[in-house]
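Welcome! Have the sequence and the 3D view open, and try each task yourself before you read its solution.

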Amino acid sequence: MNTQDPIYKTDALIAENIEQYLETHQHKTMLRFITCGSVDDGKSTLIGRLLYDSKMIFEDQLATLEADSKRSGTQGEEIDFALLVDGLAAEREQGITIDVAYRFFTTEKRKFIVADTPGHEQYTRNMVTGASTADLAVILIDARKGILTQTRRHSYLVKLLGIRHVVLAVNKMDLVGYDQAVFDKIVADYTAFAAEIGIEEFTPIPISGFKGDNITGPSENTPWYDGVSLLPHLETVEVEDSREQAGPFRMQVQWVNRPNLDFRGFAGLVASGQVRPGDEVRVLPSGKTSTVARIVALEGDRDLAVAGESITLTLTDEIDCSRGQVISAAQAPLEVADQFESTIVWMDEQELLPGRAYWLKIGTQTVSATVAEPKYEVNVNTQEHLASKTLDLNAIGVANITLDREIPFAPYAENRDLGGFILIDKITNHTVAAGMINFALRRAQNIHWQATDIGRDHHAHMKHQKPAVVWLTGLSGSGKSTIANIVEKKLARMNRHTFLLDGDNVRHGLNKDLGFTEADRVENIRRVGEVAKLMTDAGLIVITAFISPFRSERDMVRGMMHPGEFLEIFVDTPLDVAESRDVKGLYAKARSGQLKNFTGIDSPYEHPEAPELRIDTTEMTPEEAADLIIARLIP
Amino acid sequence: MDSKTLTHLQRLEAESIHILREVVAEAENPVMLYSVGKDSAVMLHLAKKAFYPAPPPFPLLHVDTTWKFQEMYKLRDKAAKDAGMELLVYQNPEAQERGINPFDHGGLHTDMWKTEGLKQALDKYGFDAAFGGARRDEEKARAKERVFSFRSANHRWDPKNQRPELWRLYNARKAKGESVRVFPISNWTELDIWQYIHLEGIEIVPLYFSAPRPTVVRDGLILMVDDDRFPLNGEEPVMRSVRFRTLGCYPLTGAVESEAKTLPEVIQEMLLTTTSERQGRAIDHDQAASMEKKKQEGYF
């Protein structure tokens with residue numbers, strides 16, 4: 001085996017002068033990188049090689065490795081480095097989700113964290129996760145194959161996640177006879193492609209992970225290559241400190257430290273810039289200004305803190321500031337907005353439902369957000385834009401999002417901490433998507449809420465009633481419309497001003513453009529909610545009869561209304577009972593497959609967990625049910 | 001403007017503190033599992049830094065097997081007092097009653113005292129988030145472990161249902177009854193831990209340093225006879241100059257012969273040594289992929 005001089009293996013200093021060694025090593029920096037490629041490209045072999053060459057392999061592991069190499073390795077009698085980092089196959093068979101495995105090694109100059117994303121399956125989701133924390137990407141190419149579709153995909157994702165340093169590792173040079181022409185051709189091809197997707201700079205290196213060429217030092221097999229070898233490049237590539245610190249100071253407040261009445265510290269990780277006592281700062285979104293008093297630390301107060309550090313600072317004024325707010329340089333405050341265009345990577349089995357409310361976590365703040373129908377989906381292999389109404393697992397798309405309040409932010413391209421977010425499903429709590437803010441939409445800022453002189457209280461007062469929404473939910477055929485009708489008639493006799501919104505009727509007009517897919521059902525309910533809300537502003541008692549099968553949407557409508565004005569009435573009829581009634585003949589159609597997405601048959605109904613009222617229609621008549629609702633409505 | 005270059009230890013420290021604070025901000029009732037080892041010592045030190053000048057706003061929990069080294073119990077009590085934190089010690093009463101011990105009960109010992117003990121303690125106090133000192137570099141199985149590891153209401157680790165972790169964003173939301181194990185020092189290596197202890201002057205159990213100790217050799221492991229519960233089958237304990245690379249129950253923890261009496265010497269030995277860290281622990285020899293299995297059952 002043509003192993004390079006093991007210059008990274010042992011350090012004479014360790015044995016001779018450990019104190020001095022420790023002193024040197026305390027000044028090491030850290031680089032996080034991701035390797036992109038499949039097993040066929042020799043990715044595992046390369047990572048194993050790096051671990052081996054930097055002496056991260058112990059004797060017992062090496063003994064195991066040698067034995068394993070003979071038994072199941074693919075390299076004959078030679079050591080199969082891939083076995084060091086594989087071992088994920090078995091786990092995959094067990095169905096364990098592995099998104100990223102992290103490996104560690106260190107040299108004299110740096111500590112490295114390698115994000116290793118296995119396999120082809122779930123590749124987008126995994127690679128995006130691994131790339132989100134990486135400073136550098138090593139894109140592996142098999143010299144025999146050149147630039148493939150997957151190279152384009154990897155490069156696009158690297159660019160999308162904002163990784164600034166790219167290494168093009170042309171691997172398996174030993175299998176093409178260390179031919180310079182092969183290398184040059186690949187570099188030329190990649191140069192053209194990189195420019196297309198906006199990668200401005202990259203470092204091409206001809207290597208052999210298996211043989212060790214140009215890994216730790218120049219290989220005699222490639223005398224024509226006078227560039228840098230891989231490990232020395234990783235050791236010397238510029239780390240992000242100067243770029244991160246060059247921007248204005250920003251810190252997302254993570255936790256307010258209040259051990260006693262005399263101390264109020266704001267803890268957080270500095271997202272950009274530097275800060276010193278005496279600096280003027282502005283708290284966003286409130287806009288209040290103050291001055292940094294102290295940077296407090298266990299080892300004593302500090303006179304400087306920089307991007308990347310977790311700190312605690314105090315201000316000279318007692319101003320409101322809590323978790324989620326951003327302390328920013330006074331002269332360069334952040335933008336604040338509640339609508340954005342963003343690029344979204346979908347990561348959940350359950351597809352995106354435009355219009356549904358998700359939690360959005362950005363920095364230390366969590367807000368409620370809805371995602372509009374995507375403007376387009378991106379084909380990750382070709383970067384073509386495709387029309388799409390939703391995003392499935394591993395899909396990437398561009399869509400507008402609307403938040404329930406304004407947040408301070410920066411475009412992702414400027415700052416990962418201030419522009420990167422995740423979406424969380426409100427029911428399952430899964431992390432369903434990763435997103436990157438492209439820019440704020442001006443729309444929201446220009447449409448101000450018009451304060452009307454005659455307010456909702458006035459409307460209600462004139463009608464001598466308290467507005468409300470009586471929301472009947474339940475299976476088709478459960479008796480919602482029948483009960484709703486009786487309720488309205490009874491209220492009319494009581495001189496109450498009402499309006500009945502019926503599912504079928506609304507679909508003839510306002511919502512006639514909507515079908516019965518999950519996404520359309522979400523939008524159907526959202527519109528009905530908005531209409532009901534306007535009617536309560538007008539002082540009306542609104543009665544609605546909609547299947548409204550999803551808990552999220554019912555909760556969303558509840559959230560739109562004023563507290564206490566939303567009554568969720570669960571019209572509880574067992575499926576077999578509803579099906580036996582089948583007033584409109586719909587169940588029969590659904591059972592025979594003529595009708596798709598029918599609630600209770602091939603589309604789920606999520607029962608209310610804490611409705612204001614539950615009506616068991618097997619135990620009471622519609623008349624009795626209506627009386628019960630009115631008793632709850634007008635005590 | 002001049003920029004200040006952050007070292008790897010400063011980066012790791014900032015990340016760990018960020019994680020600790022994030023859990024305190026989002027969990028209702030967090031706790032720190034404290035095992036008295038070097039990793040626990042670093043984690044506790046990071047917690048002191050994260051919340052200074054307040055003491056860390058959660059208690060320390062030691063799930064005790066009653067078989068730890070005497071010196072560990074001593075440092076445990078002192079460390080909690082120094083940090084101004086409440087120390088909760090939990091011993092599984094069933095294991096206590098049945099006299100479960102590492103000599104007679106093999107794997108059951110770990111199972112009852114540690115795995116079951118931990119579940120019982122978390123349930124008893126209703127903790128919804130527990131910090132643990134596991135590191136990803138300890139072995140292959142941990143390389144892919146997430147920082148936030150979710151557990152069902154009955155403490156099962158569901159490997160098919162773990163959440164992707166992007167940037168510095170951790171999704172800590174959970175349903176009632178569910179809990180999360182959080183590993184703030186996931187990205188530290190053994191060398192990082194030692195260097196940090198050295199740099200910050202963190203107090204660790206003296207067992208990490210070499211001293212003459214009474215030992216016997218069993219199944220290739222050098223075991224220390226720490227108290228008179230150690231059944232000697234006619235063996236005569238021999239004084240050997242030894243130290244420990246990891247600490248656990250004394251009858252299960254193998255020592256290494258060593259002359260390293262200072263921290264730099266320990267680090268030197270570690271760097272020049274040629275066997276990986278967990279070799280000294282009997283627990284991992286039991287079966288291949290044993291850690292994976294134990295984790296699913298709720299062991300850390």
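Predicted model: local features only at pLDDT ≥ 70, side-chain atom pairs only at ≥ 80, totals over all residues.

Residues are numbered from 1 along each chain as its sequence is written, and chains are lettered from A and ligands numbered from 1 in the order in which they are written.

**Exercise 1. Get an overview of chain A.**

Step 1: Look at the secondary structure. Chain A has 21 helices and 28 strands; helices (H or I, at least four residues) and strands (E, at least two) are DSSP runs, numbered from the N terminus.

Step 2: Turn to burial. Of the 635 residues in chain A, 45% are buried, where buried means that 20 or more other C-beta atoms, placed from the backbone, lie within 10 Å of the residue's own.

Step 3: Find the domains. An automatic or database domain assignment supplies the bounds: domain 1 spans 12-239, domain 2 spans 243-329, domain 3 spans 336-442 and domain 4 spans 456-633.

**Exercise 2. Trace the open sheet of six strands in chain A.**

Step 1: Read the strand order. It is 2-3-1-4-5-6, with mixed pairing; two strands pair if DSSP finds at least two bridges between them.

Step 2: Locate the edges. Strand 2 and strand 6 (203-206) of chain A each pair on one side only.

Step 3: Zoom in on one pair. Strand 2 of chain A runs antiparallel to strand 3 (residues 110-116) of chain A, with six bridges, and Ala101(A) faces Asp116(A) across this pairing.

**Exercise 3. Explore where chain A meets chain B.**

Step 1: Count both sides. Chain A brings 66 residues to the contact and chain B brings 59 residues.

Step 2: Find the main contributor in chain A. Strand 2 (residues 101-106) of chain A gives the largest share of that side, five residues.

Step 3: Check helix 8 (residues 263-272) of chain B. Its buried residues include Val266(B), Ile267(B) and Leu271(B). Among the elements covering the buried residues of this helix are helix 1 (12-16) and helix 2 (18-25) of chain A, along with helix 7 (190-200) of chain B.

**Exercise 4. Which residues of the largest nonpolar core touch the most other members?**

Step 1: Recall the rule. A nonpolar core is a set of buried Ala, Val, Leu, Ile, Met, Phe, Trp, Tyr and Cys residues joined through C-beta atoms within 7 Å.

Step 2: Name the residues. In this core of 226 residues, they are Ala137(A), Ile139(A), Ala169(A), Val470(A) and Met32(B).

Step 3: Follow one of them. Leaving aside neighbours within four places in sequence, the contacts of Val470(A) include Val487(A), Val542(A), Ile543(A) and Leu567(A).

Step 4: In soluble globular proteins, nonpolar side chains tend to be buried together.

How values were computed
Contact = placed C-beta atoms within 7 Å. Buried ≥ 20, exposed ≤ 12 C-beta atoms within 10 Å, placed from the backbone.
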